[in-house]
Amino acid sequence: MRHYPCHRCDNRLFFDNTQCLVCATEVGWCPGCNALVAMERQANGRYRCVDDGCGTLLVKCHNYAVEGVCNRMLTAQEADQGITLCDCCRHNRAIPDLSIEGHRERWAKLESAKRRLFYTLDLLGLPHEVSPDKADPPLSFSFLADELPVEGGWHSSEEGMPVFTGHAGGHITINVKEADDVERERLRTDFNEAHRTLIGHFRHEIGHYYWELLIKGRVEDACIAVFGDHRHPSYSDALERHYQQGPPADWREHHLSAYATMHPWEDFAETFGFYLDMVAILDTAGHFGITPTGFDEDLDAMLYTFGRLSLGFNEMNREMGLLDLVPEVITPTIAAKLRYVHEMVLSARHADAASQQTLA
Ligand SMILES: [Zn+2]
Ligand SMILES: [Zn+2]
Ligand SMILES: [Zn+2]
Ligand SMILES: [Zn+2]
């Protein structure tokens, strides 16, 4: 993640800010210049991006202006067409039931993690279309809680139904309790995980999405050669075996986590999620001057820099009594899986750039 300058006072703006903490100017994410910018209030609740080269006329996303869980803008042109949600909130199919205490705060954390995910996907040039005309499948999200009152049903699952965090056909569901620190930490220790974070859930589930969008029915054989055959055993058989027998003793040799041993689809999603972790850390290190460059199209250079950063940051976290920043160990087998993901990302990135050139 990078930081942005306030155009009014030159203070540093951070990705989640809604106002400059020094000069109190309102700030928002401008889709015209793809940056967090200071905004000048206009008539009729509109704003103008004060970036000299941009100047786009903007309107706050409904979830920014009314709900207080977003900091993105849409263009006045979009607002005139009746659009009320930003390019990030537009993907929501179901939001938490806000009549339940604490749900608005949890929803804000979910949206913040989603915006961060989209920042990294945009950095990589990976598509995340919401319209079925543009992607098969399009991408959508639901944030649901296990048990909800009967009232307000359009937001909720059926009463008493457990909600499983997961992906199906382009639709990502995240259980709202994952945004509750106590609940999430309890689950982390129950499942004996090195990490359990909201952003981690988003990065894992989007891995399943890209498997479906970019690999399924296209290049499955090449993926099978690296991750194993996802058809044998079936997902449900693999799940049952995993919860009965646990992971093999030597799982660290071949997998990033014990959960990744469950089935090739989970191995792919865990690897994809870790790849996004790596890109995000390298990008941040580059923008904050910790390393000379950020994301690199050369995987060997990425792995080398990331390895050096991890050693230092793990020790810093230990100094502060925190969990290791990077508990994963990259063995040669795991590096080969990361290479597969890296090449898949690069070909999607270049295909996207080529299609944009054709359009221009
Ligand atoms: Zn300022
Ligand atoms: Zn702008
Ligand atoms: Zn929004
Ligand atoms: Zn999964």
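Reader: What's the distance from the backbone nitrogen of Ala260 to a polar atom of the Ser257 side chain?
Author: In this predicted model, those two atoms lie 3.2 Å apart.

Reader: And which side chain does the Ser257 side chain join in a polar contact?
Author: That of Glu270, at 2.5 Å. Trp251 also touches Ser257, if you skip residues up to four places away in sequence.

Reader: Where does Ser257 lie? And is Ser257 buried or exposed?
Author: Ser257 is in the loop between helix H8 (251-254) and H9. Its relative accessible area is 14%, and the cut-off for buried is under 20%, so Ser257 counts as buried.

Reader: OK, switching to H4. Which residues are buried there?
Author: Arg184, Leu187 and Arg188, in a helix that runs over residues 181-190.

Reader: Why do they line one face of the helix?
Author: Looking down the axis of H4, the buried residues fall within an arc of 105°, so they sit on one face. As background, an α-helix has 3.6 residues a turn, so residues three or four places apart point the same way.

Reader: What's on the face turned away from the buried side of H4?
Author: That face has Val182 and Asp190, which are exposed. On the buried side, the cover includes H5.

Reader: What about Arg196, where's its place?
Author: Arg196 is in the loop between H4 and H5. With 16% relative accessibility, Arg196 counts as buried.

Reader: What does Arg196 touch?
Author: Leaving out residues up to four places away in sequence, its contacts include Arg184, Leu187 and Arg188, the buried residues of H4. Glu178, Phe191 and His201 are touched by Arg196 as well. Its side chain also makes a polar contact with the Glu193 side chain, at 3.0 Å.

Reader: Last topic, the second largest pocket. What volume does it have, and how many residues line it?
Author: The volume is about 1,400 Å³, and the lining has 42 residues. Among those nearest the centre are Asp122, His128 and Glu129.

Reader: Which helix gives the largest share of that lining?
Author: H11, with 9 residues. By class, the lining has 21 nonpolar, 9 polar and 12 charged residues.

Technical notes:
Residues numbered from 1 in each chain as written. Chains lettered and ligands numbered in written order. Predicted model: local features only at pLDDT ≥ 70, side-chain atom pairs only at ≥ 80, totals over all residues. Heavy atoms only, no water. 1 Å grid on protein atoms, 1.4 Å probe; cavity = no way out; pocket = protein on both sides within 12 Å on 5 of 7 lines; lining within 4 Å. Points joined across faces, edges and corners; volume = space filled by probe spheres on them. Helix = DSSP H or I, 4+ residues; strand = E, 2+ residues; numbered from the N terminus. Nonpolar A, V, L, I, M, F, W, Y, C, P; charged D, E, K, R; others polar. Buried < 20%, exposed > 50% of the residue type's maximum accessible area, 1.4 Å probe, protein only. Arc of directions from axis to C-beta. Contact = heavy atoms within 4.5 Å. Polar contact = N/O pair within 3.5 Å; in protein donor to acceptor, adjacent residues only side chain to side chain.
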